[in-house]
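Look at the structure below. The paragraphs after it lead you through a handful of its residues, one place at a time.

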Amino acid sequence: MDSLQGSAADDHRYMSMALQLAEKGMYSTDPNPRVGCVIVKNRQVIARGWHQRAGGPHAEVHALRQAGKNAQGATVYVTLEPCSHHGKTPPCADALIESKVARVVAAMQDPNPLVAGEGLEKLAAAGIHTQSGVLQSQAEALNPGFIKRMRQQRPYVRCKLAMSVDGRTAMANGESQWITSEYARRDVHQLRARSSAMLTGINTVLADDPSLNARLDNINEEDIVQPTRVVVDSHTRMPLEAKMLSLPGTTVIATVNQDEHKTQQLRQCGADVVVVKEKAGRVDLDGLMKILAQRQINEVMVEAGPTLNGELLQHNLVDELIIYMAPCIMGDAARGMFTLPGVEKMQDRIELTIKDIRAVGQDWRISALVNKKPN
């Protein structure tokens with residue numbers, strides 16, 4: 001039997017393996033979290049598993065099946081606390097107890113405050129040594145949307161922008177294709193593929209007729225859960241011939257309009273029309289985020305114009321900005337990234353924390369967290 005207290009170095013090494021396995025489900029587990037599992041016995045990895053698709057076996061079950069009877073007395077490393085409740089699959093905690101493992105190391109507790117810690121408590125009550133918090137920050141970074149939805153009943157909102165060196169996103173006449181290179185656009189599709197929903201405004205639909213789907217090279221379409229497309233369209237101006245309405249997947253039209261005739265037409269075209277409470281005659285964005293969370297939307301990626309981008313920022317709804325900066329200058333007559341009425345003094349500015357800066361082809365990708373202001 002393995003020691004009931006592994007070394008910190010070993011715990012980090014095996015948990016790192018589990019985190020790498022969890023990443024394999026980056027595009028396919030939604031709305032479930034991405035989870036990886038490694039089973040170790042006598043300092044040898046005897047089984048690996050990851051959650052591959054919502055509704056399918058969890059990471060621990062895949063690994064236990066691979067280990068078989070050899071799991072008895074082993075140490076299990078899993079990136080999220082084993083579940084203790086019946087969902088679409090039986091509790092993983094029960095499967096671990098039945099397999100008679102000796103030790104379970106979780107990177108983090110379940111973020112759902114209603115059940116946090118219960119899986120580990122169940123294991124401990126069965127005589128299994130448990131530990132939590134190994135590489136927790138890395139585990140949390142894998143599932144920011146699932147964690148925020150569980151803890152705050154809101155999705156994680158990531159706003160993507162492409163700009164010139166002088167901070168412009170489109171020419172004065174609206175022309176914007178293409179500011180960045182093909183490499184940056186490929187990178188954007190990876191972000192789309194990991195997102196639960198793509199959010200845009202009706203003005204972007206009218207101007208660009210976007211598809212807002214994820215297209216990845218070297219990855220089969222069935223291995224990607226396509227994001228839900230969400231259009232903020234307060235007065236149901238959505239064209240019936242819009243490209244996204246003819247694509248596979250779900251298109252949600254968020255509106256405050258009670259035009260039954262137009263609503264019926266959109267629904268006949270396959271749209272899911274959702275009436276949201278209004279704020280100043282427009283869709284209440286905070287209310288929309290609550291609805292998306294109720295629909296199990298974890299991560300929202302925004303590709304919109306300066307008006308919607310600005311409103312989301314001003315309403316404290318953006319968690320992260322992903323900015324692609326191209327090596328070009330577009331001039332002061334070109335359009336900016338955000339419309340922010342009322343931001344006139346230095347004290348009004350919105351502070352960011354730079355998380356990462358890296359080259360993507362000839363462009364630069366800046367990832368920045370938005371420092372939230374107190375409500």
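Start with Ala-280, which counts as exposed because its relative accessibility is 80%. Ala-280 sits in the loop between β11 (278-279) and β12 (282-283). Helices (H or I, at least four residues) and strands (E, at least two) are DSSP runs, numbered from the N terminus. The phi of Ala-280 is positive, near 55 degrees, and the residue is not a glycine.

This is a predicted model, in which local features need pLDDT of at least 70 and side-chain atom pairs count only at pLDDT 80 or more, while totals for chains, interfaces and linings use all residues. Residues are numbered from 1 along each chain as its sequence is written, and side-chain values use heavy atoms, with hydrogens and water left out.

Most residues other than glycine have a negative phi, and most peptide bonds are trans. Gln-153 also has a positive phi, near 55 degrees. Its place is the loop between α6 (144-152) and β6 (156-163). Gln-153 counts as partly exposed because its relative accessibility is 45%. Asn-316 follows helix α11 and has a positive phi near 65 degrees. What kind of peptide bond joins Asp-30 and Pro-31? It is a cis bond, with omega at about 10 degrees. Pro-31 belongs to the loop between α1 and β1 (36-41).

Next, find the aromatic rings. Rings of Phe, Tyr and Trp (its six-membered ring) pair if their centres lie within 6.5 Å; planes under 30 degrees apart count as stacked, over 60 as edge-to-face and the rest as tilted. How many aromatic pairs does this rule give? The count is one. Tyr-14 and Tyr-77 form a tilted pair, 5.3 Å centre to centre, with 45 degrees between the planes. Tyr-14 lies in helix α1 (residues 8-22) and Tyr-77 in strand β3 (residues 75-78), so the pair ties together parts that are 63 residues apart in sequence. Both tyrosines are buried.

Now turn to strands β15 (residues 352-360) and β16 (residues 363-370). They run antiparallel and are joined by eight bridges. Two strands pair if DSSP finds at least two bridges between them. Asp-356 has Ser-367 in β16 as its bridge partner. Two residues lie between the strands of this hairpin, and Gly-361 takes a positive phi near 65 degrees.

Strand β16 also holds Asp-363. This residue is buried yet has no salt bridge; Arg-185, the nearest side chain of opposite charge, is 7.0 Å away. A salt bridge needs a side-chain nitrogen of Lys or Arg within 4 Å of a carboxyl oxygen of Asp or Glu. For charge, Lys and Arg count as positive and Asp and Glu as negative; His and the chain ends are not counted. The side chains of Asp-363 and Ser-181 are joined by a polar contact of 2.8 Å. A polar contact is a pair of N or O atoms within 3.5 Å; within protein, one must be able to donate a hydrogen and the other to accept it, and residues adjacent in sequence count only if both atoms are side-chain atoms.

Finish at Asp-110, in the loop between β4 (103-106) and α4 (118-125). Asp-110 is buried and has no salt bridge, with Arg-151, the nearest side chain of opposite charge, 8.0 Å away. A polar atom of the Asp-110 side chain lies 2.8 Å from the backbone nitrogen of Asn-112.

Definitions and conventions. Buried means under 20% relative accessible area, exposed over 50%, partly exposed in between (1.4 Å probe, protein chains only).
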